[in-house]
Amino acid sequence: MALSDLNPVERNEEGIAAVLGILKQGLGERFQTGQAIRTQHAHTTTYIPTQAPDGVAFPETTAEVQEIVSACAAHRVPVIAFGVGSSLEGHTNAPGGGISVDTSRMNRILAVNPQDLDCTVEPGVTREDLNRHLRDTGLFFPIDPGANASLGGMAATRASGTNAVRYGTMRENVLSLTAVMADGETLTTGKRAKKSSAGYDLTRLLIGSEGTLGIITQLTLKLQGIPQAISGGVCPFSSVEAACNAVIATIQMGIPVARIELVNALQMRAMKSYSKLDYPESPCLFVEFHGSDAGVAEQAETFGTIAEEYGGGPFLWTSVAEERTKLWKARHDAYWSSLTLRPGAKGLSTDVCVPISRFAECVTQTEADIAEMGLIAPIVGHAGDGNFHVLVLMDADDPKEIEQTEEFVARLNMRAIGMDGTCTGEHGIGQGKIGFLRHELGRSVDIMRTIKQALDPQNIMNPGKILPAD
Ligand SMILES: Cc1cc2nc3c(=O)[nH]c(=O)nc-3n(C[C@H](O)[C@H](O)[C@H](O)COP(=O)(O)OP(=O)(O)OC[C@H]3O[C@@H](n4cnc5c(N)ncnc54)[C@H](O)[C@@H]3O)c2cc1C
């Protein structure tokens, strides 16, 4: 993607120089301007060009975030929140320069309330940190994007993962947020009650806002009890269509599956060699059930019968923790294993989501498109939600390959939107998907812009993201 294709943001050289001076004085060593650290904070796990910020701040408190945002507001300088930088659509780039606010030092777990099944954390706590902390309480936080992302970044991108089919996404699992808004003031969006009808839902306005409205400095999250028993396994199919149809039948029958993930044959080849899995090189479903001993055994048996009806099997399942961990580690490493299919190539990971009844159609049409275009592009999917990812492996130095990949991604997004789906089920818009937002949401984009202008009239919060320039 050429820089000129991205939403341009004008640089304010004078303002940036003023803010660099203020932050150096205020934060000392916790404000860095070295080239390497700036580049790292704009690193995009894709071929979108890096657009580095002018400095990186490491605040430790909400008050410090307020000071940073106030300085940026006074001088009209962009401010870009940063979690661990695992987002995939150029979210953390700084097209007009400005200040990256790295939340990694805001990593305290402030409260765990086991009776209420909730906790309050700072935004730099990662999902793995939180689950390690909760291990002895019998509770866990279920949202699991493949990367060990920060909870602030996960809320800001409305992330989900393999467990979403059972536990929902960040949208369903955040009770309240505190954020520093564009004027430097804080906003707290709710209390700890499990539900509320009190006015506009500002929690969900901030969830998925990708740092364009405010910087989240505290989150209150729902927790779940660790299930008494877990069973899971892998089921091969002769075609991706058969596997998708088995998913549709499983969901439509109301089997409370906790995870049901599609891995196509090419992805399976990569996982077999990278993660040393011993399964056929054919489309497979990775499945997991949570519940009582008897419940998970029964669910696994029922799923096995459905799979057989679609020509799948054998469905080999286990309750042994080490065996399951190996499978899910392989699934979470899918991105890294697929890179081995074309050494030296860059991976472009794109995601779409469609209603479950259109899932088989969308995946099979996409596989046909990949074959016709001669791309190397494995598919994995959170199939129970109708959500799948394609990782296109390409030579990022070859303009022809870039053009071809962009054409493929555009066709995929328009296909999903045409099936009443979305151009992103979980990765977000960032810079990479701006062009599809209006196709999907039409006039709603104007309402989004009205909200943005009301809350951030100077356009300093992560400018050039989500909203098209038109
Ligand atoms: C291998 C791999 C697998 C992945 N799998 C999945 C998956 O299964 N599901 C999924 O949903 N995603 C997945 N992702 C994408 C990514 O992990 C998620 O988007 C994640 O939520 C980003 O969190 P982060 O901490 O890395 O945020 P960053 O990348 O640092 O930031 C993301 C966005 O959030 C904003 N932001 C960050 N922190 C804050 C804050 N405190 N307040 C306000 N805004 C903030 C940033 O400005 C930016 O716009 C995957 C990525 C990789 C590399």
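Helices here are DSSP runs of H or I with at least four residues, and strands are runs of E with at least two, both numbered from the N terminus. Keep in mind that this is a predicted model, where local features need pLDDT of at least 70, side-chain atom pairs count only at pLDDT 80 or more, and totals for chains, interfaces and linings use all residues. Residues are numbered from 1 along each chain as its sequence is written, and side-chain values use heavy atoms, with hydrogens and water left out.

**Stop 1: Thr203.** Select Thr203, and you land in helix H8. Thr203 is buried, at a relative accessible area of 3% (buried is under 20%, exposed over 50%, partly exposed in between, using a 1.4 Å probe and protein chains only). Skipping residues up to four places away in sequence, Thr203 touches Val174, Leu175, Ser176, Leu177 and Thr189; contact means heavy atoms within 4.5 Å.

**Stop 2: the second largest pocket.** Helix H8 (202–206) is one of the helices that supply at least two residues of this pocket's lining, as do H7 (170–173), H16 (434–441) and H17 (444–455). Of the 36 lining residues, show Arg158, Ile207, Gly208, Thr424 and Met448, which lie nearest the centre. A pocket is found on a 1 Å grid over the protein atoms alone, as an open set of points where a 1.4 Å probe fits, with protein on both sides within 12 Å along at least five of seven lines; lining residues have an atom within 4 Å of a point. The volume is about 860 Å³, that is, the space filled by probe spheres set on the points, which are joined across faces, edges and corners.

**Stop 3: helix H12.** Now pick residues 321–332, a 12-residue helix reaching 16 Å from first C-alpha to last, close to the 16 Å expected at 1.5 Å a residue (1.5 Å times one less than the number of residues). Which residues of H12 are buried? Colour Arg324, Leu327, Trp328, Ala330 and Arg331. Look down the axis of H12: these buried residues fall within an arc of 155°, so they line one face (the arc is taken from the directions from the helix axis to the C-beta atoms). On the other side of H12, Glu322, Thr325 and Lys329 are exposed.

**Stop 4: Ala52.** Finish in the loop between helix H2 (35–40) and strand E2 (55–57), where Ala52 lies. Ala52 counts as partly exposed, at 22% relative accessibility. Draw a C-alpha to C-alpha distance from Ala52 to Gly97: they are 6.5 Å apart in space and 45 residues apart in sequence.
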